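This report describes selected features of a single protein model.

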Amino acid sequence: QVQLVESGGALVQDGGSLRLSCTASGDTICISAMGWYRQAPGKQRELVAQITSGGSTNYADSVKGRFTISRDNAKNTLYLQMNSLKPEDTAVYYCNALCPTGGSTHYAYWGQGTQVTVSS
């Protein structure tokens with residue numbers, strides 16, 4: 001079992017910055033990739049950014065050049081630095097961790113989410 005706790009969500013003005021954190025505990029040795037997802041009201045949850053255990057990153061087109069994902073393995077903490085925020089970035093942001101279960105399958109763990117609101 002892996003527990004994920006996010007923090008850092010807040011109300012920020014258009015063009016502002018925030019840094020989200022996600023601290024993992026429990027069976028963290030199993031974790032391969034970690035990522036940030038977000039869900040806006042009335043919309044499906046979408047991938048924002050992902051980082052592998054080796055440090056490879058992947059971003060949604062809508063956040064490329066503005067958001068940076070990073071990972072401190074020693075602290076079991078995942079970060080998302082968000083710059084040049086826009087009202088359309090408003091959503092609940094969720095931390096995700098993948099643990100391999102055999103073959104090509106993974107089990108996904110989720111945090112409880114943290115609210116990011118960008119005012120225009």
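## Disulfides

Two disulfides, each defined as a pair of cysteine sulfur atoms within 2.5 Å, are present in the structure. The model is predicted: local features need pLDDT of at least 70, side-chain atom pairs count only at pLDDT 80 or more, and totals for chains, interfaces and linings use all residues. Residues are numbered from 1 along each chain as its sequence is written, and side-chain values use heavy atoms, with hydrogens and water left out.

When the bonded cysteines of the protein chain are numbered in sequence order, their pairing reads 1-3, 2-4. In general terms, a disulfide is a covalent bond between the sulfur atoms of two cysteines.

## The link between C22 and C95

C22 is joined to C95 with an S to S distance of 2.0 Å. The torsion about this S-S bond is about -80°, so the disulfide of C22 and C95 is left-handed. Distant parts of the chain are linked by the pair: C22 belongs to strand 3 (residues 18–26) and C95 to strand 9 (residues 91–102), 73 residues apart. Strands (E, at least two residues) and helices (H or I, at least four) are DSSP runs, numbered from the N terminus.

Accessibility is classed as buried under 20% relative accessible area, exposed over 50%, and partly exposed in between, with a 1.4 Å probe and protein chains only. C22 counts as buried because its relative accessibility is 0%, and C95 is likewise buried at 0%.

## The link between C30 and C99

The other disulfide joins C30 to C99, with an S to S distance of 1.9 Å. The value about the S-S bond of C30 and C99 is 50°, and the link is right-handed. C30 lies in the loop between strand 3 and strand 4 (34–39), whereas C99 lies in strand 9, so the pair ties together parts that are 69 residues apart in sequence.

The two cysteines fall into separate accessibility classes: C30 is partly exposed at 22%, while C99 is buried at 4%.

N76 has a phi near 55°, a positive value in a residue other than glycine. N76 is placed in the loop between strand 7 (67–72) and strand 8 (77–82), and its relative accessibility of 30% makes N76 partly exposed.

S84, which is not a glycine either, has a positive phi of about 50°. The loop between strand 8 and strand 9 contains S84, which is partly exposed with a relative accessible area of 41%.

## Surroundings of D89

D89 is also found in the loop between strand 8 and strand 9. With a relative accessible area of 1%, D89 is buried. Its side chain makes a polar contact with the side chain of R38 at 2.9 Å. A polar contact is a pair of N or O atoms within 3.5 Å; within protein, one must be able to donate a hydrogen and the other to accept it, and residues adjacent in sequence count only if both atoms are side-chain atoms.

Apart from neighbours within four places in sequence, D89 is in contact (heavy atoms within 4.5 Å) with R38, R66, F67, S84, V116 and V118.

## Surroundings of L98

L98 is part of strand 9 and is buried, with a relative accessible area of 18%. When neighbours within four places in sequence are left aside, the residues in contact with L98 are C30, I31, S32, A33, Q50, H106, Y107 and A108.

The C-alpha atoms of L98 and V63 are separated by 22 Å, and the two residues are 35 residues apart along the chain.
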